[in-house]
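Hi everyone, thanks for coming.

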Amino acid sequence: MHKPMEDQHKTTFQFISEPTDVNFGGKVHGGVVMKWIDQTAYTCARTWAETYCVTVYVGGIRFYKPINIGDVIKIDAYVIYTGKTSIHIAVDVYSKNFEKEGFEKKTHCVIVFVSVDEHGKPVPVKPWKPDTEKEKQLAVYAEKLKALRQQISEEMEPFFKT
């Protein structure tokens with residue numbers, strides 16, 4: 001079943017954090033949160049691209065506050081920029097206690113995927129065009145992050161050589 005075109009750039013997952021998600025401090029383990037982020041972002045990218053996608057960059061994961069075991073988790077992933085073959089996905093992780101009103105943002109990051117064919121070769125993706133003012137701001141944010149990633153890549157280059 002295909003999502004309507006206006007919904008293809010967004011994906012939301014909701015579930016309850018489980019006791020197996022715990023870290024040594026009694027909260028949800030950061031690695032578990034990163035797995036949730038990757039799964040939600042991949043689903044968003046795959047829905048947009050309508051092809052298999054591979055992760056090429058995960059950047060600036062910001063953990064604002066810990067998540068408690070037993071909280072309701074909501075993860076929003078949404079396209080904020082597309083290149084020729086890439087899809088830039090912003091991800092926000094929220095949680096809420098059953099006794100409280102509303103969700104609270106706990107984590108944010110941007111993940112970049114590349115759409116690939118059955119041989120792993122990059123293939124073009126349909127362009128995403130921002131409509132709202134917020135979407136336009138997010139596209140500018142994505143372009144700034146892209147420039148920063150290029151700088152970081154250049155700084156890291158000597159350390160990739162063996």
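Let's begin with a charge and a ring: the charged end of K96 sits over the ring of F103, 5.9 Å from the ring centre. Keep in mind that this is a predicted model. There is another such case, with the charged end of K74 over the ring of Y94, 5.1 Å from its centre.

Now, rings with rings. How many aromatic pairs are there? The count comes to three. A pair of rings is described by the distance of the centres and the angle of the planes. For F15 and W36, the centres are 4.9 Å apart and the planes are at 70 degrees, so the pair is edge-to-face, since over 60 degrees counts as that. F15 is in strand β1 (residues 10-16) and W36 is in helix α1 (residues 30-49), so this pair ties together parts that are 21 residues apart in sequence. W36 is buried at 8% relative accessible area, while F15 is partly exposed at 25%. Elsewhere, Y42, Y52 and F113 form one aromatic cluster.

Last stop, the surface. L148, I152, M156 and F160 make a nonpolar patch of about 400 Å². L148 belongs to helix α2 (residues 133-160) and is partly exposed, with a relative accessible area of 43%.

Technical notes: Residues numbered from 1 in each chain as written. Predicted model: local features only at pLDDT ≥ 70, side-chain atom pairs only at ≥ 80, totals over all residues. Heavy atoms only, no water. Patch = residues over 30% accessible without salt bridge, like charges linked within 9 Å, V, L, I, M, F, W, Y side chains within 5 Å. Areas by Shrake-Rupley, 256 points an atom, 1.4 Å probe, with all protein chains shown as cover. Salt bridge = Lys/Arg side-chain N within 4 Å of Asp/Glu carboxyl O. Helix = DSSP H or I, 4+ residues; strand = E, 2+ residues; numbered from the N terminus. Buried < 20%, exposed > 50% of the residue type's maximum accessible area, 1.4 Å probe, protein only. Phe/Tyr/Trp six-rings, centres within 6.5 Å; stacked < 30°, edge-to-face > 60°. Lys NZ or Arg CZ within 6 Å of the ring centre and 35° of its normal.
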